[in-house]
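Look over the sequence and the structure, then read on.

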Amino acid sequence: MQDLVNAVVDMREEDALSLTKKYAEEGVPPLEIMNAYKEALSIIGKRFEDGIYFVPELILSGEMMKAASELIKPLMAGGEHGEEGKKIGRFLLGTVEGDIHDIGKDMVHMLMEINGFDVRDLGVDVPAQRFCDEYEDFQPDIVGLSGLLTLSYDSMKAVVEGLKKIGARDKVKVIIGGGQLDEHACKYVEADAWVVDAVTGVKYALQWMEGRA
Amino acid sequence: MSSPQQLLLERDKRINDAVALKKPDRVPIACLWDFFPAKWKGVTARDVMYDHQLMFDTWAECMQHFEPDTVDNPYPLRGFGPVIDILDFQHLKWAGHGLDDNVSYQFVELEVMQPEEYDHFLFDMSDFMVRRFWPRVYKAFAPLENLPPLNSVISYFWGIHNAVCLLTPEMESVRTAMIEAGKASAEVLKWTAAYGKKMAELGFPSSYGGFSQVPFDTLGDFFRGTKGIMMDLYRRPDKVMAACEKLLPIMIDTAIASTKRTGVKRVFVPLHKGLDTFMSPQQFDRFYWPHMKELLLTFIREGITPWVLAEGVCTNRLESFRDVPPGKVIYHFELTDIFHAKKVMRDRCCVRGNVPMSLLTVGTPEDVKAYCKKLIDVCGADGGFILDAAAPLSDARPENVQAMFDITKEYGVYS
């Protein structure tokens, strides 16, 4: 299915969709088709890191993947769902209290899912208490806090404080992402890492999970 | 001690010298204050958005305390609470409307214009605005969606009876909203003028007298949404280009009109979607820079100084940015390495910025002073530099803002 991989990587949206349909009709197992997309997305992520691709390509490839999975989902048997369900880790995500920006967060959500994480996305303007409650329920390996504004520093710090209070801080990695973050903000929040783009965030997550394995 | 009148001239000259790449008497300093003065005074964002007198007193006191070289007028972009209430404005969430009382308002991403509506926009933008855009963005105008096309009123046998559409109870509510919003706007404008007058009397020049955007940003921010326009780059690039062409004269004319009205010949141009990671160099060269360049050159021809706020990181754009006449543009950098930018811009453009928001928000006054010293030493060395925060002050700690002003006035004096 190299032709499908290439179509996605080259942003040929219509070709990608018609090839997806063709392979599905030919009886190629849905999981194999989705794996072609995953392969394509990992090449696209690499190109983003290398400064060849940019936000438009990340967004468009996310849309292509979404369209393909909608097309294929009805074809998936229960067993295949199960196989797809083998996740490498759990990732709790949200934009922190007081901030309603979601473009970066949504990109992280998409990329983390493609990279095999079970993602629970709490949306925007999420209070610290809610992160802690969801932590207890979901038991994530990593908590991802998103925020574009400087007011998010205090909200992020409040989540870290909350995690400490419930005795969870040393069991979980905390990563913060957003345009106003740097080492000063990270130190203040007491997060494990800070990023200004989604792809770098995913790299950290994968490294951490490897470290645990 | 200089009189306010002298101070006004001195400060204006300080800024103008920096723009012209000359050495002023000291490094000029100014900020985008956002809601910082409210925080500094201990009142909420919500209070000042609605209480014009409180905003006036708070801002005037804050400016007299910090004494910046230019001041921005808080009313047009902050004092509009009553107006956006009446219009039921959808592009923002603000204190008391989806956000806490102490929080700056935030932009809401909407795909107001659907992809299939480009043709309507391109064929008759005003009709699209009145019957599609306004009803969605200003919910109080929702019934305008039911009007017949504006261009269908032509003659005695063509559309002359269309006014009957205005008689419904829904249209009555639209008319009321328009009149009430107009009255509320008149109040805002009255305070805007009063504040401008007060600042001039105190010796503070205005930082800008008009506002503009690169057409691609306007199309993305307000019409298609970020996600929408990014996908349009692949799905319908020609429509994006045509829409940008359509918006360009509007971006130019509204800003020029505004500088004429205010008498302040500086235009603020924030950049949103042309940043390094937001598009490729090829996309930037095709969809962004040509219109941006024309925008800047037109302002310069009109004797207006564009103050461009390059948000995010714009390192890869610097070579394009410097393709303007020397000494005419201010580039304000947020996260771009400003020390590198200064090297690239040295003989061409005034550089402004960029005390990091993280330092101002969670750093110490010593951190801030150390960074400002480096800015003054490196970027300020031979003039052509204005010291400013990287972005609007919003949640900065007052003691850090104080440190930024103190060090600039002490250490930034040219010998």
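Which residues does B:Leu318 touch, not counting residues up to four places away in sequence? B:Leu318 touches B:Ala341, B:Val344 and B:Met345. Here two residues are in contact if their C-beta atoms, placed from the backbone, lie within 7 Å.

## Model and confidence

This is a predicted model, in which local features need pLDDT of at least 70, side-chain atom pairs count only at pLDDT 80 or more, and totals for chains, interfaces and linings use all residues. Residues are numbered from 1 along each chain as its sequence is written, while chains are lettered from A and ligands numbered from 1 in the order in which they are written.

The model scores ipTM 0.90 and pTM 0.94. The average pLDDT of chain B is 97, and 100% of its residues score at least 70. pLDDT is the predictor's confidence in each residue, from 0 to 100.

## Around B:Leu318

B:Leu318 lies in helix H13 of chain B, residues 318-321. Helices (H or I, at least four residues) and strands (E, at least two) are DSSP runs, numbered from the N terminus. B:Leu318 counts as buried because it has 20 C-beta neighbours inside 10 Å. The rule: a residue is buried if 20 or more other C-beta atoms lie within 10 Å of its own, exposed if 12 or fewer, and partly exposed in between, with C-beta atoms placed from the backbone.

B:Val188 is 130 residues away from B:Leu318 along the chain. Their C-alpha atoms are separated by 38 Å.

## Nonpolar cores

A nonpolar core is a set of buried Ala, Val, Leu, Ile, Met, Phe, Trp, Tyr and Cys residues joined through C-beta atoms within 7 Å. The largest one has 176 residues. A:Ile176, A:Ala191, B:Tyr331 and B:Val351 have the most contacts inside it. Domain 1 (2-83) and domain 2 (89-212) of chain A each give this core at least three residues. Another core, of nine residues, lies apart from it and includes B:Leu87, B:Leu144, B:Val174 and B:Ala181.

Take A:Ile176. Leaving aside neighbours within four places in sequence, A:Ile176 is in contact with A:Leu145, A:Met156, A:Leu181, A:Cys186, A:Val189, A:Ala191 and A:Trp194.

## Where the chains meet

The contact takes 22 residues from chain A and 27 residues from chain B. On the side of chain B that touches chain A, helix H10 (215-235) and helix H15 (357-362) of chain B each supply at least two residues. H10(B) gives the most, with six residues.

By class, that side of chain B has 12 nonpolar, 10 polar and five charged residues. Ala, Val, Leu, Ile, Met, Phe, Trp, Tyr, Cys and Pro count as nonpolar, Asp, Glu, Lys and Arg as charged, and the others, Gly among them, as polar.

## Two domains in chain A

Chain A is assigned domain 1 (2-83) and domain 2 (89-212). Such bounds come from an automatic or database domain assignment. The C-alpha centres of the two domains lie 27 Å apart. Their contact takes eight residues from domain 1 and six residues from domain 2.

On the domain 1 side, helix H3 (30-49) and helix H4 (55-72) of chain A give two or more residues. H3(A) has the largest share, five residues.

## A sheet in chain B

Three strands of chain B form an open sheet in the order S2-S1-S3, with mixed pairing. Strands pair if DSSP finds at least two bridges between them. Strand S2 (98-99) and strand S3 (106-107) are the edge strands.

Strand S1 (residues 92-95) of chain B runs parallel to S2(B), joined by two bridges. B:Trp94 stands opposite B:Gly98 in S2(B).
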